[in-house]
Amino acid sequence: MPAYLAAAQVSGVSAAGIRLAGATNDVNIMDVRTGRWEKVTPQGEPPSPRAAHAAAAVGNMVVIQGGIGPAGLASEDLHVLDFTDFEKPRWHRVMVSGAGPSARYAHTLALVANRFLVAVGGNDGKQTMNDAWALDTSEKPYQWRKITDSGEQPPPRMYAAAAVRSDGLLLLSGGRDISGVPLGDAYGLARHRDGRWEWAAAPGSMPAPRYQHGAVFVGARLHIFGGAVGGGRMVDTESAVVVLDTSAGQWVKGPADNPADELMRRCRHAMAAVGPYVFVHGGLKGSTLLDDLLLADDSSGTELSICDPRSPAWQQWLNAVHGSEAAAALATAAAEEAAAAAALSMRRVRQVDDLSELDEDQGDRHGQPAKGKLGSESPKSVTLAQRRKEFPAARDMPTPDVRLYHRAVVVAQDVQGQMRGLVRQLSIDQFENESRRVSMGVGSSGPEPGSVTARKTPMFQRSYSEPGIHKMVLREFLNPRHWRPPENRDFIFNFDQICQLCDQAEKLFQRDPSVLKLRAPVKIFGDLHGQFGDLMRLFEEYGTPSTAGDITYIDYLFLGDYVDRGAHSLETICLLLALKIEYPAHVHLIRGNHEAADINALFGFRLECLERLGDAQGIKAWNRLNQLFNWLPLAALIENKVLCMHGGIGRSINTIEQIEEIARPVTMEEGGIVLMDLLWSDPTTNDAVEGVQPSPRGPGLVTFGPDRVMDFCRSNDLQMIVRAHECVMDGFERFAQGHLITLFSATNYCGTANNAGAILVLGRDLVMVPKLIHPLPPSTPRTPGSPSRNSDEIEEDPPTPHPSAGDTWMQAVNEERPPTPPRGRPGNPQNSLAFFE
């Protein structure tokens, strides 16, 4: 819920040793675009009144667990406040099987890697604890798993703060130990890609120990505001705001006489980060209950400045991220909600009669709440909203074999109205064209290579991308649900900005080897050919490479041919370069045959640059991007078992070392026959055609038979080859008894093929799942206000235009140089220039 702060705040002040008669289950929300607070009454049965509970946001939902209320400890059940329909929020209770974190209060709950709910510590009414539990929100039935044998486990604590860094590192800071002494340490918890959890102590100590503080990440900087030290006292002014720079492993205190320090002397407050801004709401200052709202600006990355949520800086940032509509909403709301401005200044509200009792300094050191039955809970039982599984659950296999999953995931072709997002699984045997050239005869899968040793990354030295133009590109283009082709064909970025993007990306490609060494899980994409709309659909349906998506637990590998043929090659290549810069260890690009100047000068990319940037800037941008293409890696090896390339092994490639020996930058001419085979060769027409045959694409090019594939896999200890380069009707196609898979991600190639697009998701258990999208029908123009097919129908989003709609220059290019007919279409002529494409 990016537009809303504290979407669910179950009110109350924390305590133990007594029953909290004043605890509530109220829900209040604030629209951060307008600064307007509103109390809402969700549908469904709410959880019992409580305080000192733990909460975490999961997509459009807020999950709460535990706490203490009028009846004593609340139950350990998970309650979800679902904002999927923001006009009608609803409470649900989640069914979780097996044991989990017991009823407790003063613990932490956080979403790690946008996937795992992690609960840590707290007090169960008998003792202060240090146990940690994780729940995978992508797997059903939901089940808590205790995190054990995980390195330097933190000592028991309650009233700590937990925050999660964008790459999935959870950082637990401060708290109060079993003797009631404030703690000044911090511990990081990370989940490795092999499924291991690991705790590690952060270097140094917090400038002042504390508990009941707040903590949020902005980039790599953990901001800790306020906190209590016992005896009803707040942390000192000079230590009220501290920062842990996790990239440098250093604690940092703000400058002296910073006005933020005194404002942040509070405890039990709520904090949330939106972009570079930190929102702080309420809390206690001594015995005074606060209801103010403060906004701290960390956009400089050096010093916090406090400003009003209606400040120009906040409005400018919203406008840059969300466009002019957000700015208009801010202006309108400012006029309508002037009366709410009083709520934005810090003021004392009222005295709470029993706050002296609620100060847990002495009376609850051992945390013994009043005895009594558990708070009443909702009898209704539903699960969390479905989150798509990006790869099958890990299996207990020491050296698993690579295999294609027996079912493919397919998005329904009719994606309008309420059917949007409907997916189903089909047996791969049901695809009419996919298995056309594979014979599933008995054959060896080749030798099993040795397992790959797990790599361990220091938690507090992980790399972060530098500021730059790529941030603007990501904000502009990484909008899978809402991207629409621009009405004006002018490209939004100019040559200088494209050049900056290339400079940043080229430094990264120069450090990459010619053959990338990757670990599973990996999501693999085939040819895109400038069909940016298809890329957005694949991201929307099967996961987005962002910290709000799945980038923290799965790599992205793109197999080349980013440009030419399609109408939006500039958007496609610029977004992929920006993703590489933002996530250099997790986004990987290799070269296709169209990443070469002599080819993309003929098949549309050069013409697109000239048309959308102007002749002078266009030719310079085209030249700079082609210089970058010469640095792209040439292949990728996953888990030493799956080799990925654009074309194939042709006649000349017999070892992976031949590819590794190609020095970059390299042009097609300099790469010789090995590079020609790697980027241009294809499998033969089916498993019955063996050896090396002339290619119908043109002179000097070849096709290779299943015997070449089997020999290559056997001699290089491989189990599978994944390649792109050919349009195949089902988006993926097997060859050589399933030891080679062709992958193509652009749908309805060039507006004529009517093919599906696919990606392959290789899980940690090395099971490969095909995931498909079908071509969209051409959009039907409608005039504003015209009736829909059903007068009661609500159109959620305007229909997505067909990728080629309105781009006459692209259609002219494709008519002049027709694309290669897709595999799986019998009777296609094979004697034209098309096959040299």
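Predicted model: local features only at pLDDT ≥ 70, side-chain atom pairs only at ≥ 80, totals over all residues.
The chain runs to 837 residues, and 57% of them count as buried. By secondary structure it has 15 helices and 45 strands. If you take contacts between residues at least 6 apart in sequence, 68% of those join residues at least 24 apart.

I'll start with the cores. The largest nonpolar core has 76 residues, and the members that touch the most other members are V118, L535, F539, F558, L575, L577 and L625. Which helix gives this core its largest share? Helix 8 does, with nine residues. There is another core apart from this one, with 31 residues, including A635, V666, L679 and F704. As background, nonpolar side chains in soluble globular proteins tend to be buried together.

Now helix 8 itself, which covers residues 569–582.

Helix 6 spans residues 495–511, and its axis lies 9 Å from that of helix 8, at an angle of about 50 degrees. That angle is therefore classed as oblique for helix 6 and helix 8. The crossing of helix 6 past helix 8 is left-handed. On the helix 6 side the contact uses I498, L501, C502, Q504, A505, L508 and F509, and on the helix 8 side C574, L577, A578, K580 and I581. Sorted by class, that contact between helix 6 and helix 8 holds 10 nonpolar residues, one polar and one charged.

Helix 7, residues 532–542, also has its axis 9 Å from that of helix 8, and here the angle is about 40 degrees. Helix 7 and helix 8 are therefore oblique as well. F532, L535, M536 and F539 of helix 7 meet E571, T572, L575, L576 and L579 of helix 8. The class count for helix 7 with helix 8 is seven nonpolar, one polar and one charged.

Helix 8 passes helix 11 in a left-handed crossing. L570, I573 and L577 on helix 8 make this contact with L625, L628 and F629 on helix 11. The contact of helix 8 with helix 11 has six nonpolar residues, no polar and no charged ones.

A few residues turn up in more than one place in this account. L577 of helix 8 is in the contact with helix 6, is in the contact with helix 11, and is listed among the core members that touch the most others. F539 is on that core list too, and it sits on the helix 7 side of the contact with helix 8. What does F539 touch, leaving out residues up to four places away in sequence? The answer is L478, P480, F525, T544, P545, Y556, F558, L575 and L579.

M768 is in strand 45, residues 767–773. Is M768 buried or exposed? Its relative accessibility is 0%, so M768 counts as buried. Beyond four places in sequence, M768 touches V402, R403, L404, Y405, V642, M720, V722, I741, L760, V761 and L762.

The peptide bond from K140 to P141 is cis, with omega near -5 degrees. P141 is in the loop between strand 12 and strand 13. A520 and P521 are also joined by a cis peptide bond, with omega about 5 degrees. P521 is in the loop between strand 32 and strand 33.

Two non-glycine residues have positive phi. R565 has phi near 75 degrees, and R565 is in the loop between strand 34 and helix 8. At 2% relative accessibility, against a cut-off of under 20%, R565 counts as buried. N748 has phi of about 40 degrees and is in the loop between strand 43 and strand 44. N748 has 11% relative accessibility and so counts as buried too.

Definitions and conventions:
Residues numbered from 1 in each chain as written. Heavy atoms only, no water. Axes fitted to C-alpha atoms, helices over the stretch in contact; angles between N-to-C directions. Helix = DSSP H or I, 4+ residues; strand = E, 2+ residues; numbered from the N terminus. Parallel < 35°, antiparallel > 145°, perpendicular 65-115°, else oblique. Left-handed = near helix turned anticlockwise from the far one by under 90°. Contact = heavy atoms within 4.5 Å. Nonpolar A, V, L, I, M, F, W, Y, C, P; charged D, E, K, R; others polar. Core = buried A, V, L, I, M, F, W, Y, C linked by side-chain atoms within 4.5 Å. Buried < 20%, exposed > 50% of the residue type's maximum accessible area, 1.4 Å probe, protein only.
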